[in-house]
Amino acid sequence: MDGEGLYYSGRVLWVVKSGDRLYGKVLEDYPYYVEVDGDSSFCTCPRGGNCEHVRAVEIAYERGFYFDCPGEEPFGEGCAYSMLNSVPELRWKVLLRELEHALETDESGSDAAKLFYEAFKLLEKDPEGRKLKRIEVLLDEYSALFPDYAVTERLKSEFQRLRIRSVG
Ligand SMILES: [Zn+2]
């Protein structure tokens, strides 16, 4: 898929601008991290830069899909998440996309389990019915993939607890 395809299929998870640099995360078969500094670029994909992921991040930036971040840090990820945490609806969308991606690609289930815990934290603050339903469906998928993991049982009972609380 080229940069436009990646951008328009919603695979650019976030972009931050810090000084003259752009940082971004793009979900393809794996998550890739991008840094653009003027004419030079770096990407964690096998090509290492000047790739479709860099292009996708540039297109997102041109379309205004980015956060302005103070300070500099490697790959801008910490800043991206602190900005996202200040916009709960956007944070939720990004988390769902990461979780869906993890369910498709994460053979160990470890990333997906971590993302479920993050989703539970957000649901604890805002146990909206629609969001609970969405996580319930994804958790069913997880259970089907990893039926005999102890972590599956723990995730399910944690989710039950949240759901009971939101009803009562
Ligand atoms: Zn790349």
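Predicted model: local features only at pLDDT ≥ 70, side-chain atom pairs only at ≥ 80, totals over all residues.

Colleague: What volume does the largest pocket have?

Modeller: About 310 Å³. A pocket here is an open set of points on a 1 Å grid over the protein atoms alone, where a 1.4 Å probe fits, with protein on both sides within 12 Å along at least five of seven lines. The volume is the space filled by probe spheres set on the points, which are joined across faces, edges and corners.

Colleague: Which residues lie nearest its centre?

Modeller: K25, P31, A102, D111 and L115, out of 18 lining residues; lining means having an atom within 4 Å of a point. By class the lining has 7 nonpolar, 2 polar and 9 charged residues. Asp, Glu, Lys and Arg count as charged, Ala, Val, Leu, Ile, Met, Phe, Trp, Tyr, Cys and Pro as nonpolar, and the others, Gly among them, as polar.

Colleague: Where does that pocket lie relative to the domains?

Modeller: Between domain 1 (3-84) and domain 2 (88-167), because both give residues to its lining. The bounds come from an automatic or database domain assignment.

Colleague: And which element gives the most to the lining?

Modeller: α4, with 5 residues. Helices (H or I, at least four residues) and strands (E, at least two) are DSSP runs, numbered from the N terminus.

Colleague: What about the second largest pocket, what is its volume?

Modeller: About 170 Å³. Its lining includes R97, E100 and H101, and α4 again gives the most, with 5 residues.

Colleague: Switching to the metal: which residues hold the zinc ion?

Modeller: The donors are C43 (SG), C45 (SG), C51 (SG) and H53 (ND1), 2.1 to 2.3 Å from the ion. Donors are N, O and S atoms within 2.8 Å of the metal (3.2 Å for Na, K and Ca); water is not among the atoms, so sites may look incomplete.

Colleague: Are C45 and H53 buried or exposed?

Modeller: Both are buried, that is, under 20% relative accessible area, with exposed over 50% and partly exposed in between (1.4 Å probe, protein chains only).

Colleague: Last one: where is G64?

Modeller: G64 sits in the loop between α2 (52-62) and β5 (67-68), and is partly exposed at 46%.

Notes:
Residues numbered from 1 in each chain as written. Heavy atoms only, no water.
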